[in-house]
Amino acid sequence: MSTTRTPRIPQLLRAAAVGAAAGTAGAGVMAVGEKVEQALTHRPSSFVPGRTLLTLLGARPGDGERPAGWNHAMHYATGAALGALRGVWSVTGMRGPRASAAHAAVRLCTDQTLENGTGAGAPPHTWPRRELLVDVGHKVVYSLVTGAIADRLLDARLLSLRGRGSH
């Protein structure tokens, strides 16, 4: 049995590239939001992301290190990588606020997996409640912006309705 189908791989790769750009923009908006929030709350910057990236690269940064450049690299690399995922979601029909909420959970889980896996961060349940709320809030902003851009730039042309019933 043969079917004529639009080649999916090139469209998925394009969606991933568009999503990566959307994720970079989302990371930028999140960074601006963090700076505004920090100006209002006087919360200091966290350098856990930078220390996480350095650890992933084989270094052993101490808790007192403040690797600002590495922080930015981790922030935007994670934003782009998970933006690529969101782009694929958009083109395959996983769109809108529900997809963005799921994407925020993926972003939080990714950060925590990397930070806790490297030993650079502590599990969220050990954080002060305010820190947890602030972190979740910023990740939700990232995912809403990333999703809005990806959904605007990508049609759901690869939406499949196969497998909706019993598998």
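I started at V140, which I found in helix 5 (residues 129-153). The model is a predicted one, and I kept that in mind throughout.

Entry: Is V140 buried, partly exposed or exposed? I looked up its relative accessible area and got 33%.

**Entry: the overall fold.** I then stepped back to the whole protein. How many helices and strands are there? I counted 5 helices and 0 strands. Read along the sequence, the pattern is α-α-α-α-α. I noted the span of the C-alpha trace along its principal axes as about 60 × 35 × 30 Å. The protein has 167 residues, and 37% of them count as buried.

**Entry: salt bridges.** I turned to charged side chains. Side chains of opposite charge can pair when their charged atoms come close. I found 6 salt bridges in the structure. I looked at some of them one by one.

First on my list was R43. Its partner is E37, and the closest N and O atoms are 2.7 Å apart.

Next I took K139. Which residue of helix 4 does K139 pair with? K139 forms a salt bridge with D111, with the closest N and O atoms 2.8 Å apart. This pair links distant parts of the chain, since K139 is in helix 5 and D111 is in helix 4 (residues 96-118). The two residues are 28 residues apart. Both K139 and D111 are buried.

K139 also forms a salt bridge with D135. The closest N and O atoms of that pair are 2.8 Å apart. K139 and D135 both lie in helix 5, 4 residues apart, which is about one turn of the helix. D135 is buried, as is K139. I then traced the shared partners. Salt bridges join R107, D111, D135 and K139 into one network.

**Entry: R107 and a ring.** The charged end of R107 sits over the ring of Y142. I noted 4.8 Å from that charged end to the centre of the ring. I also searched for aromatic pairs. A pair of aromatic rings is described by the distance of the centres and the angle of the planes. The structure holds 0 aromatic pairs.

**Entry: Q11.** I moved to helix 1 (residues 8-41), where Q11 has its place. Which backbone oxygen lies 3.2 Å from a polar atom of the Q11 side chain? I found that the oxygen belongs to P7. Q11 has a relative accessibility of 16%, so it counts as buried.

**Entry: L85.** My last stop was L85, in helix 3 (residues 68-91). Its relative accessible area is 30%, so L85 is partly exposed. How far apart are the C-alpha atoms of L85 and V106? I noted a separation of 9.8 Å. Along the chain, L85 and V106 are 21 residues apart.

Definitions and conventions:
Residues are numbered from 1 along each chain as its sequence is written. This is a predicted model: local features need pLDDT of at least 70, side-chain atom pairs count only at pLDDT 80 or more; totals for chains, interfaces and linings use all residues. Side-chain values use heavy atoms; hydrogens and water are left out. Rings of Phe, Tyr and Trp (its six-membered ring) pair if their centres lie within 6.5 Å; planes under 30 degrees apart count as stacked, over 60 as edge-to-face and the rest as tilted. A charge sits over a ring if NZ of Lys or CZ of Arg is within 6 Å of the ring centre and within 35 degrees of the ring normal. Buried means under 20% relative accessible area, exposed over 50%, partly exposed in between (1.4 Å probe, protein chains only). A salt bridge is a side-chain nitrogen of Lys or Arg within 4 Å of a carboxyl oxygen of Asp or Glu. A polar contact is a pair of N or O atoms within 3.5 Å; within protein, one must be able to donate a hydrogen and the other to accept it, and residues adjacent in sequence count only if both atoms are side-chain atoms.
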